[in-house]
Amino acid sequence: MEFNDSLSIGMDDFSSNEDMEIPEVLPMMAVRDVVVFNYMIIPLFVGRPGSVEAVNEALGSNKLLMLVTQKDATKDNPGEDDLYKVGMVCMVMRTLKLPDGRLKVLVQAMSKARIESFEQTDPFYQVSVEVIEDQDAQEVTVEVEAMMRTVREQTEKILSLRGILSADLMMIINNIEDPGRLADLVGSNLRLKIVESQKILEETDPLARLTLVNELLAKELEVTTVQAKIQNDAKEEMSKSQREYFLREQIHALQKELGDTDDYTQEIDELAAKLKKVKMPKTIRKEAKKQLNRMAMMHPDSSEATIIRTYIDWFLDIPWKKGTKDLLDLKRAKKILDEDHYGLEKVKERILEYLAVRKLNKFTKGPILCFVGPPGVGKTSLGQSVARAMGRKFYRLSLGGMRDEAEIRGHRRTYIGAMPGRIVQGLKTTGANNPVFMMDEVDKIGADYRGDPSSALLEVLDPEQNFEFSDHYMNLPIDLSKVMFITTANMSDTIPRPLLDRMEVIRLSGYTLEEKIVIARKYLLPRQFKENGIKSRLARMSDETINYIVTHYTYEAGLRNLEREIGKICRKIARKVAEGGKGPYSVSKRNIDRYLGPPKTIPESELEKLEQPGLVTGLAWTEVGGEILQIEVNIMPGKGKLILTGQLGSVMKESAQAALTYCRSRSTEIGVEEEYFDKIDLHIHVPAGAIPKDGPSAGITMATALYSAFTQKTVMSQLAMTGEVTLRGRVLPIGGLKEKALAALRAGIDKVIIPAQNKKDLVEIPKDIRNKMRFFPVSDMDEVVKIAFRKPGKKKGQVKTKQK
């Protein structure tokens, strides 16, 4: 019987581990320097007496043997604490007794198992085991498929660099569709430490196991790549350098005698001349000269000379003292801002304030603003308008999904392919030291083992630190104090607190229906006419038609979908014109379905508004604007249970408990006995159950719905409310009042109950909206009950909305 002496690892479609019953007690053998994975076939040399006895015991019964890896490979007689508890139940397939008394054994892994207890330790180990089943593999999504492809490609690269790439092995790897099996096979073929291999083995989630293998592959690929490069460079340099050294020295000597200079010397002279022309601080110039002198002393074909050459180029490209002149004409700036954006008065006012201060104090530091608002309200385009109004260069940087700190700070020059971070690259691209830097999606920065970009931004966005920003590649202080940083976010909750503290937050709410009509008429229609190559006279669209598009084909706080629908109309008109049509083409409510199809949404104002006991309308804030929220309560005979449905978060569940406690404390006013609550079950439901919901602002809405259900009184359909409730019925303030008011208005609701402490926020709501609505500030639930259940027509407690 013959075996291959090398370690043989393979994946077999062997499925006996699913059919064979594994006993609770098995002989156990410790192995060194290898972790056995599932479906693995491996030859082992067995020499220790206890291990030989364990193999013989397995052969004498059911051929099953528990294999575990010992933590310290140097110990000949490992104890219980020297062994990992998770290993593999294997079947002994073949054995061969060697002349020296050892056994050569071929085993196949059957099932992963954990040692529960040691039943026998002498003359060999017998252990009680528990079979470990992998979690069921989830459906292979696009992300999982992408990760599997990455693992296959990285494995092929590593094996190729090591010179051990096997076509058979790659065929097996490429045919495996199960994430867990792929992770096991790749993990068994990597040169990993025992601790890392054991960690892979003990992971029962196939996707998590594949993710772990992917991370280890990335590290191993980097190490293998560098190792291969070192070996290749060493071979090439030893042969090439020795041969060329003498030739070049002779050439240099001849050129010196003739008075000629070579290309390398000429390049050094050109760099020195450029260095004299560039304005830069003394410390920076000193370092640049030092690097240039180092380069002049190096062999032109050496890798170090190339690195220094690139480094010196960055010294020349960075605008150390070069900037654009600010246009400080406030009237002109206001005109440009008004031309590019309708509304947004608060943002425009802040920009004009900065220009005014800059006009009076030329040395003021650049502001660090953060525009927070729903998608499509014009945050990014507003940054471009700010740059145009100030006469500055504009640079946009997307932070969404960024996980590597080097994206901000750059790589150290010791790494292959190192380069400065995006901040320094932005300065080079704009060619000015005072551009407008727009950093989009600051609320979506990630973090992993490569660092935390948000922590690196702390220095960039701090006026007290960024005048000496340190980039890892340049390794020199860079002045960012003249840069105007503008960040954008959909919500501020996910921005790290220290980072948020360094920025001036300006909130951009969604647009009203009237604002959308004006913006569509003034900006969107002309832009779409131009992009689709049609003249404005060929398409006619009234404000009534735009109103219909907004209410029946879009449901958003911003304008992206509205522009998309207008673009769809323009494309259909462009096709008619291209086919020979003369026009003009009129788009109205009657024929709009020919262009856009049937309506996509039904306006909330057109939905049936029911007035039933236990049904109350609340208001919610989301990162895409305000929403209305229907709260429904039903009472059933029962034992005092409270049922909550609608994918409610923990905060909303606590609000429901607080609302019920308030109602129970008011049992006398409600008109029920205290025992009544122990004889019923309450079911609170918030429709749109597929959408997760959370937050404290539905507290008074839930309390009112419960009160309505208990008293069988209805709440008027034209009334909505928002506010947090406490156990004693106090109404606490909420956020996003403007967005919630807009949502109520979209739904045709003109009466809103708000916390008294939010009365100050009414000035943030546009005057035309305040004039259409009634707001009722309340301090406790007793006031809410009085307003919600009184007859229409009474206006006690109403806030007059015609404010300055």
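Reply: Let us begin with an open sheet of five strands, which has the order 8-9-12-7-13 and parallel pairing, where two strands pair if DSSP finds at least two bridges between them. Strands (E, at least two residues) and helices (H or I, at least four) are DSSP runs, numbered from the N terminus. The model is predicted, so local features need pLDDT of at least 70 and side-chain atom pairs count only at pLDDT 80 or more, while totals for chains, interfaces and linings use all residues. Residues are numbered from 1 along each chain as its sequence is written, and side-chain values use heavy atoms, with hydrogens and water left out.

Me: What makes strand 8 and strand 13 stand at the edges?

Reply: Strand 8 (394–398) and strand 13 (504–507) each have a single partner strand, so one side of each is left without a neighbour in the sheet. Neighbouring strands of this sheet are turned by 20 degrees against each other on average, direction ignored.

Me: How do you know that strand 7 and strand 13 are paired?

Reply: Four bridges join strand 7 (residues 368–372) to strand 13, and the two run parallel, whereas the definition asks for at least two bridges. Within this pair, Val372 stands opposite Arg507 in strand 13.

Me: Which helix packs on the sheet, and why is its residue Val424 called buried?

Reply: Helix 15 (residues 422–430) packs on the sheet, touching strand 8 and strand 9 (436–440), and Val424 is found in helix 15. Buried means under 20% relative accessible area, exposed means over 50%, and partly exposed lies in between (1.4 Å probe, protein chains only). Val424 has 0% relative accessibility and therefore counts as buried. Not counting residues up to four places away in sequence, Val424 touches Trp314, Ile318, Phe469, Asp471 and Ile478, where contact means heavy atoms within 4.5 Å.

Me: Why is helix 11 called roughly antiparallel to helix 12?

Reply: Helix 11 (residues 330–340) and helix 12 (residues 345–360) pack at an angle of about 155 degrees, with their axes 10 Å apart. Axes are lines fitted to C-alpha atoms, for helices over the stretch in contact, and angles run from 0 to 180 degrees between N-to-C directions. Angles under 35 degrees count as roughly parallel, over 145 as roughly antiparallel, 65 to 115 as roughly perpendicular and the rest as oblique. The angle of about 155 degrees is over 145, so helix 11 is roughly antiparallel to helix 12.

Me: What makes helix 19 oblique to helix 20?

Reply: The axes of helix 19 (residues 543–553) and helix 20 (residues 560–578) come within 10 Å and cross at roughly 120 degrees. That value belongs to the rest of the angle ranges, so helix 19 is oblique to helix 20. In their contact, Ile549, Val550 and Tyr553 in helix 19 meet Leu562, Glu565 and Ile569 in helix 20.

Me: Why is Tyr39 called buried, and why is Glu441 called partly exposed?

Reply: Tyr39, found in the loop between strand 1 (25–31) and strand 2 (41–46), has a relative accessible area of 9%, so Tyr39 is buried. Glu441 lies in the loop between strand 9 and helix 16 (453–460), and its relative accessible area of 26% falls in between the two cut-offs, so Glu441 is partly exposed. Phi is positive in both residues, near 65 degrees for Tyr39 and near 55 degrees for Glu441.
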